[in-house]
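Let's go through this one by question and answer. Have the model open and follow along.

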Amino acid sequence: DYLNFDTSNLVVYLGRQSQEESNPNEVNRTVTRIISHPNYNSITKDNDICLLKLSSPVNFTDYILPVCLAASGSTFYNGTDTWVTGWGTIGSGVPLPSPQNLMEVEVPVVGNRQCNCENGVGSITDNMMCAGLNAGGKDSCQGDSGGPLVSKQSSRWILAGVVSWGYGCADPNLPGVYTRVSQYENWINSQITGDRPGYVTFKSNGTDGDLSVTCPNLVIMGLLAASLIKGRPGLGRFAVV
């Protein structure tokens, strides 16, 4: 848990559409506990995930619905269609215009090998996943951190990732980086004493084109990879919240 963090003023809003206009379908809850991952690395952003315990249960409505969590063993091959939502900036340093309605963008998954080649070899761990266009133009941005990256399988929306970090926003060949939710099924279950979330195994069809990707130094691991991460400025999408 975060030490000495006062949760009394931390509020979670559900069913919200606009930051400025009325939201008749909205409810809110205070937060009684923050459970951060014990192996979170503030330098590399590995294990960038936490749980919030709400003050009381929430009733589901047509506007407030649960999302399935990607189960351990899920596969999101290169090119898998995903959606990310948030109220963050619509470009680096460009605020979301009034009335600040919730935004969404469709982005394809970029395989971890390709993402390592583009963001810097060693920067993308198995606990991360990436999404974006080679040409740029679509991405999550500052202020979207912690938001959902979802993909649809049959009739179910599945939470594949959580907005984590990236260099700039929507730049060519620099896909956004997300926490890979399927890596945390056991940890999440170990922290929840009541009813556990619903997990669904997402399976991509065909073959994973990312397996054939190579680039200089892709196989370099260990100390050199760590030094590359530490030497790169601008990690994180937390500049504007």
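**Walking through the fold**

Ser-182 touches Ala-70, Ala-71, Ser-72 and Ser-74, leaving aside residues up to four places away in sequence; a contact here means heavy atoms within 4.5 Å. This is a predicted model, where local features need pLDDT of at least 70, side-chain atom pairs count only at pLDDT 80 or more, and totals for chains, interfaces and linings use all residues. Residues are numbered from 1 along each chain as its sequence is written, and side-chain values use heavy atoms, with hydrogens and water left out.

Q: How many bridges join S1 and strand S2?
A: Strand S2 covers residues 27-36, and its pairing with S1 is antiparallel. Within this part of the sheet, Leu-14 stands opposite Val-27 in S2. The count of bridges between S1 and S2 is 4.

Q: What separates the C-alpha atoms of Leu-54 and Ile-34?
A: Leu-54 belongs to strand S3 and is partly exposed, at 26% relative accessibility. Its contacts, not counting residues up to four places away in sequence, are Val-12, Arg-29, Thr-30, Val-31 and Thr-32. Ile-34 is 20 residues from Leu-54 along the chain, and the C-alpha separation is 9.4 Å.

Q: Which strands are included in what covers the buried residues of H1?
A: Helix H1 spans residues 112-119, and its buried residues are Asn-112, Cys-115, Asn-116, Glu-118 and Asn-119. Just after H1, Gly-120 takes a positive phi of about 120°. The cover over those buried residues includes S6 (103-110), S7 (128-131), S9 (156-165) and S10 (176-180).

Q: Where is Lys-45 found, given its positive phi?
A: Lys-45 isn't a glycine, yet its phi is near 65°. Its relative accessible area is 11%, so Lys-45 counts as buried. You'll find Lys-45 in the loop between S2 and S3.

Q: What is the relative accessible area of Ala-170?
A: Ala-170 is another non-glycine residue with a positive phi, about 60°. Ala-170 lies in the loop between S9 and S10. Ala-170 is partly exposed, and the value is 22%.

Q: Which peptide bond is cis, with omega near 10°?
A: Look in the loop between S5 and S6, where Pro-99 has its place. The cis bond runs into that proline, from Ser-98 to Pro-99.

Q: How is Ile-90 classed by relative accessibility?
A: Ile-90 is found in the loop between strand S5 (81-86) and S6. At 48% relative accessibility, Ile-90 counts as partly exposed.

Definitions and conventions:
Pairing = 2+ DSSP bridges. Helix = DSSP H or I, 4+ residues; strand = E, 2+ residues; numbered from the N terminus. Buried < 20%, exposed > 50% of the residue type's maximum accessible area, 1.4 Å probe, protein only.
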